[in-house]
Amino acid sequence: MKLLSQLFIIGIGLSLFSCTQRTEEDRFIDNLMDKMTLEEKLGQLNLLVGGDIVSGTTKDQGSDSLFISGKVGGVFNVKGVEAVSRLQHLAVEHGPHGIPLLIGADVVHGYETVFPIPLALSCSWDTTAIENMARISAIEATADGVNWNYSPMVDICRDPRWGRIAEGSGEDPWLGSVIAKAYVRGYQGNNMKSDSTMMACVKHFALYGAAEGGRDYNTVDMSLQRMFNYYLPPYKAAVEAGCASLMTSFNLINGMHATADKWLIEDVLRKQWGFEGMTVTDFNSIPEISTFGITEKENAAALALKAGSDMDMVSGLYIKTLKDAIQRGEADEALVDKACRRVLQAKMRLGLFENPYKYCRPERLDRDMYTDAHRATAREIAAETFVLLKNDNSLLPLAKKGKIALIGPLANAGNNMCGCWSGYCRAEKHESLLQAFKNAVGNKAEIIYAPGSNIYYDETTQRNAAGMRQLERGDDNAMHREALNAAAKADIIVAAMGESADMSGESASRAELTIPDTQRELLRKLAATGKPVVLLLFTGRPLVLDWENDNIPTILNVWFGGSEAAGAIADVVFGEKNPCGKLTTTFPRSVGQIPLYYNHLMSSHPDPQDGVFNRYCSNYIDMSNEPLYPFGFGLSYTSFEYGTAEIKNNEIRVDIKNNGTVAGTEIVQLYIRDKVARIARPVKELKSYRHVSLNPGETKQISFTITPDMLGYYDAQLDYICEPGVFEIMVGPNSRDLQYLEFSLTE
Ligand code: NOJ
C-alpha cells in the first residue's frame, strides 16, 4: 500500500508537470478556440445521424448550411467515401476555421467482411484473433471514410434475456477486460494518425448490461462493490488500453441517468481512471434525462454537460439550448470549452487537421474491401468461435457420404448469417449454409434441403423478430411435412435452427429463451424419426436447451458467424476444423434461474449440491441450481485428459494430454477464490487461461504463475486491496470440472 501511495504521489506530480507543458498541438487548439464563437464551439459538440445526408443528395437534417455555418462536429451512418468527402469538404473548405468532421459508424464485428458477433468472438478466448478482426474492420471502415468506431461494447451481462448480450464478451469481467484491450489495439493501432486506423469508442458507460428483467433500456440499480468488482473492469481496461473515446449509456444507475451522472463520468472515469479522451452520449440520450423525470427538458443539456458528456448524439439540445442556459446562469461556458477542446483533440489525434481527406481515397476500396485475405481470416476466426455443446457417439464430424438432410429456416438464409451489427455487409455475396454444404461434399454425398418451418408460428412475432432481414414465410404444417419427407430419404439430419439474426442485438429482449415454437416442434418430429440429428444452433444469446440436451445427440452452437460463416460451419461439420470454442456465458436450464452466473457469491444456507431438493437450503423446489452448460464449457472432436495439477510457490503446473485420434486445441482455465476476505468474495473467478494445441497422443505441460493482480479486489470502501491469506486455486476445462489446490499469500 505504501508503494501504491508513493506511486500515486509521483503520478500527481507527473500530471501537474504535464499540465504546465503545452505541446504544439495544445497551442494549435488554444489558437483555434480563441477564434471560435460560443455557437461554433457548441457546433463541435453536435453529432448528426446520416439519414437523409447518407447519400449526400437530400438536404434535410444535415442540410449543407449546418456544415457551412459550423453547427456540426461530426456525423455517423454516412456511408461511402463520396458522401464523406462531400461533407468534409463543406466543413473544411466552407465552414468557419476549416474544422474537419468526425465520421462515426458502428463497426462492431466487421465492416463488409463480417466476423462473428462479439459474444461468439469471445468464445474463441483468442485475443490475437479479436485484435486481428478489429484491425481488418479498421482497414475496411477507414477505406470507406469512417474515422470513429462505436466499439468495443464491453457491457458485462448476466441475463441472456437482454438481446444486447450478443454485442459484448459475456459475463466475466476479467476475460471481458483482456478482450476489450484487444479490440482497442486492433482499431486504433499504435498510431491513430495512420489512414487505416480509427478512433475506438468504448460503450455503453456504464452497466447497461444489467438492465432489470433483461429488458433493454431498463433501470440498473447496483451496489458499488458489485459495480467496481464485476461490471466496471472492462470499461477501465479499454481506457487503460488508450481508447480515445467513450459512449455513455441509456440506463439509469441508482436513480441517475448515466449521461447526467457526474460521479460516474467526472469522478470515476476522468479523475480515478485518468481518461483524457472525449465522451459522447448514446442516441438521443439527453432529452431522455427529462423522460426519466430527473430534470425539465430545457435543463437536460446543462445537466449532461456538467456531468461530463462532451458530444450530443442526435438530440441537438446542446446546440439549441446551452447558449440560453449559459445566459440564464444555468450552464457554465467553461465546460463547453472543455468539451470542445476534447472533441478537437480527438480530431487532432486522428490527424484530421493535417489531412481531412485522409480517409477519402476511393482507390482504397478495391484494394482493401472484402478482400480474399480478409474473408479467409474471417472464416478461420468464425470456426474458432463455435462451441460444441454435445456430441454423443462422435456424430460430428460427418463423413462426406450418403444422404444428408439439411433442414431448417436458417439453412438457406445467407442474409441471416451475419448477426446484429452487420449494416455494411453485402448479404447477396454471402454463401448460405446449403451452398457451403454442397460445395464441401461435392459429388461424394447428396444434400437434401427443406426449409422445414417458419421462425415462429405467429406471423406478428416473426415480424417482431425479423427486424430488417425478413424471412420468407410458408405454411408450417406443409413445411414440417416436406421436412419429414426429406428426413425419411436421408441417413442423417442436420437441423439449422434457432434465432434469426435480429432476435438479438438492440431492442431484442426475449422473455422465453427456447428455440422458437414451430422450429422446436419440428425438431421434436425430426428426433422422433429415430435418425441421428445434429443441431446447428444459430443464436445471439444463451438459450434454454434442456429438451434438446436430453433428446438431440449433437449440438454445435454456431452463433452468428459473419459473412464467411457458412464455409466455416461446413469446415467444422465435415471435420476440416476441430471446434475449440468455450462459452463465455452460462447457459441456464430455465429462464427462472436467471440471473445465473458462475462467479456468484456464496448464499446463506448454501445448497449442498447433492442433486436433490433440500428444505431450508438455497435451492429451487422444481429445478437444480446448476446451469445446463457452465461458463467455460465446450467440447472438441478429441478428448483431453488433465493430469494432477501441482503448485509450487506461486507456479501451477498441469499436464494436458490429447487422448483422441485427431489434433485439437484445449483452453485450460485457472480460477481463484479468496477464501476469507473483508467482504464476501465469489466462489471462483477466472484469472488466466492458455490455449494448448495437441496432436493425438501428445502431452504438454501448462503452467500458470499467480501474480498479485489475480488476488486483489475492491472492498466495501472501494479501496483496491490484496489481503494475505489462503486462496483456493482451481484448474480445469471449464468453470465446473475443476481440480482444487491452495495458495497462501503472506504479509
Ligand atoms: C444506439 C446504440 O445503443 C449504440 O450502441 C450505437 O452506437 C448508437 N445507437 C449509434 O448507432
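Q: Which residue of strand 21 is the bridge partner of Ile-672?
A: In this predicted model, Ile-672 has Glu-685 of strand 21 as its bridge partner.

Q: What makes strand 20 and strand 21 a pair?
A: Two strands pair when at least two bridges are found between them. Nine bridges join strand 20 (residues 664-674) to strand 21, and the two run antiparallel, so by the cut-off of at least two they count as paired.

Q: Why is strand 21 described as mostly covered?
A: Strand 21 spans residues 685-694, and seven of its 10 residues are buried. Buried here means under 20% relative accessible area.

Q: How do you know whether Lys-347 is buried or exposed?
A: Lys-347 has 0% relative accessibility. The cut-off for buried is under 20%, so Lys-347 counts as buried. Lys-347 belongs to helix 15 (residues 333-349). Its C-alpha atom is separated by 51 Å from that of Thr-518, a residue 171 places away along the chain.

Q: What makes the buried residues of helix 19 line one face?
A: In helix 19 (residues 459-466), the buried residues are Gln-462, Ala-465 and Ala-466. Looking down the helix axis, these buried residues fall within an arc of 95 degrees, so they line one face of the helix.

Q: Why are Cys-418 and Cys-425 called buried?
A: The cut-off is under 20% relative accessible area. Cys-418 is at 0% relative accessibility and so counts as buried. Cys-425 has a relative accessible area of 16%, so this cysteine is buried as well.

Q: What lines the second largest pocket?
A: There are 30 lining residues, and His-600, Gln-609, Asn-625, Glu-626 and Val-683 lie nearest the centre of the pocket. The lining divides into 15 nonpolar, nine polar and six charged residues. The space in this pocket is about 900 Å³.

Key:
Residues numbered from 1 in each chain as written. Predicted model: local features only at pLDDT ≥ 70, side-chain atom pairs only at ≥ 80, totals over all residues. Heavy atoms only, no water. 1 Å grid on protein atoms, 1.4 Å probe; cavity = no way out; pocket = protein on both sides within 12 Å on 5 of 7 lines; lining within 4 Å. Points joined across faces, edges and corners; volume = space filled by probe spheres on them. Nonpolar A, V, L, I, M, F, W, Y, C, P; charged D, E, K, R; others polar. Buried < 20%, exposed > 50% of the residue type's maximum accessible area, 1.4 Å probe, protein only. Helix = DSSP H or I, 4+ residues; strand = E, 2+ residues; numbered from the N terminus. Arc of directions from axis to C-beta.
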